[in-house]
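Here's a quick walk through a two-chain model, one piece at a time. Have a look at it first, then read on.

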Amino acid sequence: MPIPKIEITNPQALEVIGKVKSGEIFIPLTTWFKKTKWYLVSILIVTILLVALVVGKNLSEKTPVPVFTPPDIESVTPPEIIDLKSDFSSLKEEIQNLNTELPDPIIPTFDDNLNLEETVN
Amino acid sequence: MKLFVKLFLVTLTLLFFSTATTTVFADAKSDYEFQYSRYRQNYIEYSILKKDFLANPTLDNQQKAVLAAKQTLSSRDLSKANFAAYLLDLCQEKQTNYAPIKPLLDSLRSARAFFFSEAEKSKAIVTPADLASFTEDYLINVVPHNRSFRTGILACKISQLVRIQAQSKNALDVILPKLATPLSTPIQTRIDDLQLLGNKINDTIDTFTDKLYTEEEIGNIDNEYYFTGKIETIKKIQTLQLKWIDGLIDIDLNYAHS
């Protein structure tokens, strides 16, 4: 099936096509690009740096941090103290617990002189 | 059948009384504490009622005061009797059979009997005159029995010290067969030293006990500082006993083998 040939007759469209063909339409774009080219370059560099930082961080997290331990220094191990207990330790405790204070038990106080007479103080 | 029932009942009764007697004997301290708290309550009541009677000497107030005095007397003498029993229990639980303190224990027994008897006697008090007469006699007779508490306390302490001496001697008798024979000279010296120290402690206890019966000490018995010098002697004996047991434990740990 033959493709029908489209003929553009709209004057405005013809004008735009003419500008495109001559490159006139790109002049403002080229001008803006020339004006802001250093800004764009700066943004590009910052973006590349940020991307590099993110990638570096991810890589560092995946790699385990090597642990450096000092070499073993030979030390003298204190000898194990064995708590020797004699069968007679309880007797020693009994002697230690002996109450040497007197009177033990305390002697209670009593009134031996109970009567109904007036007490003279 | 009837015979079996009778036998069963008799056995039950005997069992009940034997248990009850043991409980009473074992609880001399709680009996004393109970009677002493009763005495304190009764004494407060007696003091208030006596004051009322002296301020307002009516027959009613007199009867109330005499009754309160009677109750106080009874609880006082029961407290004292039970305190003597408590001290006797304390001394006897050590089971030392140390003859030199026997007179002190006899004094406590005599005091216990005297105070029980006085508590019983106080029941006959009815009038203020009875009360006055009772107290007059009591003040004359009570002195040696009150003193027996002081010497009884010392008897208990001596009993404890003697008990420790007996246990120490037993400990040495246990150790000796465990030592390698023939005994080396250093070990023999240490054992000789222990025996010498043990004898020294025994002598100190004997001297301490004998001194209690001297006229000077008996005359000093009511003194406020009666116990002061004795505390020092007991501490000295305790220190010697500790030194002795340390020596024995050292031999046990280093030379004896089980």
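In chain B, helix 3 and helix 6 cross in a left-handed way, meaning that the near helix is turned anticlockwise from the far one by less than a right angle (clockwise would be right-handed). Bear in mind that this is a predicted model, where local features need pLDDT of at least 70, side-chain atom pairs count only at pLDDT 80 or more, and totals for chains, interfaces and linings use all residues. Residues are numbered from 1 along each chain as its sequence is written, while chains are lettered from A and ligands numbered from 1 in the order in which they are written.

**The helix pair.** Helix 3 (residues 59-92) and helix 6 (residues 143-175) of chain B pack at about 15 degrees, with axes 8 Å apart. The axes are lines fitted to C-alpha atoms over the stretch in contact, and angles run from 0 to 180 degrees between N-to-C directions. Helices here are DSSP runs (H or I, at least four residues). The two are therefore roughly parallel, a label for angles under 35 degrees. On helix 3 of chain B, the touching residues include B:F83, B:L87 and B:C91, and on helix 6 of chain B they include B:F149, B:I153 and B:S159. Contact means C-beta atoms, placed from the backbone, within 7 Å. By class, this contact has nine nonpolar, three polar and no charged residues. Ala, Val, Leu, Ile, Met, Phe, Trp, Tyr, Cys and Pro count as nonpolar, Asp, Glu, Lys and Arg as charged, and the others, Gly among them, as polar.

**Domains and chains.** Chain B is assigned domain 1 (23-149) and domain 2 (159-254), with bounds from an automatic or database assignment. Their centres, taken over C-alpha atoms, are 38 Å apart, and the contact takes seven residues from domain 1 and nine residues from domain 2. Between the chains, the contact takes 26 residues from chain A and 44 residues from chain B. The chain A side has twelve nonpolar, six polar and eight charged residues.

| Residues joined | Omega |
|---|---|
| A:D104 and A:P105 | about 5 degrees |
| B:T181 and B:P182 | about -5 degrees |

A:P105 sits in the segment after helix 3 of chain A, and B:P182 is in the loop between helix 6 and helix 7 (185-211) of chain B.

**Confidence.** Chain A has a mean pLDDT of 86, with 94% of its residues at 70 or more; pLDDT is the predictor's confidence in each residue, from 0 to 100.

Note on methods: Angles under 35 degrees count as roughly parallel, over 145 as roughly antiparallel, 65 to 115 as roughly perpendicular and the rest as oblique. Two residues are in contact if their C-beta atoms, placed from the backbone, lie within 7 Å.
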